[in-house]
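Let's take a walk through a protein together. Have a look at the picture first, and then we'll start with one residue and zoom out from there.

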Amino acid sequence: VIAAPAFDQGAVVVNTSSGVMKSFNASTGEDSWQIEQDVPALTLRGISAPTTIAGGVLVGTADGLLTVYILENGQQGWSVEVGEATGSTELERVIDVDAAPLAYDDKVYAISARGHLAAVDLRSGRKLWERQYSSFHSVAIDGNNLYLTDIKGHVYAVDRLNGLERWSQIALTNRGVTGPAVIGNYVVVGDFEGYLHWIAQDSGEIVARHHVDSSGLYTTPTVADGLIIVQSKDGDLEAIKAP
C-alpha cells in the first residue's frame, strides 16, 4: 500500500501495487469487497490513490484507465482510456494513471504518465475533452483553472471547462518538479534541489523561492491553515507561511 486510502460512508478503500483494491468497514475492519485489476508486466512504482464521491470510488489503473466502482458493493461502472501507448517497447508503452482522480462538480479530471489530461462526465463516463499532457503527479484546481506539472518539469495552467492552456512555465525543466499546491494567488511546487517555487496564478511567473533542504523535495506540498507543509527526502518537515 503506497497510496493514501479513501474514506466515505463508513468505508475505507485501499488500492495496492499488486492491482488489488479492497474496501473495509471503517468501524470493524472487516472486508466488504475486493477488486482485482490487471497490472502490466512493466509499470511505474506508484499507484493511484482512490477518490470517493457520490457513492462511487474513482481510481486510475496501471493500464491507463480511469474506472469507477460502486462504493457499497464494488460493482464496476464506466471505464475510460486516459493513457495512450505509442511506442514499440515495453518502456515506451508505460501509461500508468498514478495521479489520484480529481472530482469537481459533475466532472472528473485524470492524467496519465504517458497520454492525456482528460475531463470526464462523472455520471456517464463520457470524455468531454482531452489534451496531450503527461504526468504522474496529481492535478490541482482553483476556480476554473487546473494546474499540473508534466514529466519534463513544466508547470501549466489549463482551463477546466475546455482544456485550453492559459500559461506554461518551463524554467524548471528537468528539476524533478513535484505536483502543484494552490495557496492564495499562487501555485507552489518543489524540486530535487530542495527549493519551493511560488508561481503567480494569473501570469505563470515565478515570484519567490524558498530553500527547504538540499536532499530534495519529491512529494507534493500540503496546504493547511494558510501554511505550506513539505517533507524533504531526508525526512525533515517544514511549515512555511508566505508573507
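Does Thr51 count as buried or exposed? Keep in mind that this is a predicted model. Thr51 has a relative accessibility of 16%, and the cut-off for buried is under 20%, so Thr51 counts as buried.

So where is this residue, and what surrounds it? Thr51 sits in strand S5, which covers residues 51-53. Its side chain reaches over to the backbone oxygen of Pro101, at 2.8 Å. If you skip the neighbours within four places in sequence, Thr51 is in contact with Gly56, Val57 and Leu58, and also with Ala100, Pro101 and Ala103.

Now let's head for the surface. Phe136 lies in the loop that runs between strand S12 (127-131) and strand S13 (140-142). With a relative accessible area of 41%, Phe136 is partly exposed. Together with Leu44 and Ile151, Phe136 makes a nonpolar surface patch of about 260 Å².

Time to step back and take in the whole chain. You'll find 23 strands and zero helices here. The radius of gyration is 18 Å, close to the 18 Å that the globule rule gives for 243 residues, so the chain is as compact as a globular protein of that length. Along its principal axes, the C-alpha trace spans about 50 × 40 × 35 Å.

The chain exposes about 11800 Å², and carbon and sulfur atoms supply 46% of that. Finally, among contacts with a separation of 6 or more, 38% come from residues 24 or more positions apart.

Definitions and conventions
Residues numbered from 1 in each chain as written. Predicted model: local features only at pLDDT ≥ 70, side-chain atom pairs only at ≥ 80, totals over all residues. Heavy atoms only, no water. Helix = DSSP H or I, 4+ residues; strand = E, 2+ residues; numbered from the N terminus. Buried < 20%, exposed > 50% of the residue type's maximum accessible area, 1.4 Å probe, protein only. Polar contact = N/O pair within 3.5 Å; in protein donor to acceptor, adjacent residues only side chain to side chain. Contact = heavy atoms within 4.5 Å. Patch = residues over 30% accessible without salt bridge, like charges linked within 9 Å, V, L, I, M, F, W, Y side chains within 5 Å. Areas by Shrake-Rupley, 256 points an atom, 1.4 Å probe, with all protein chains shown as cover. Salt bridge = Lys/Arg side-chain N within 4 Å of Asp/Glu carboxyl O. Rg over C-alpha atoms; globule rule 2.2 N^0.38 Å.
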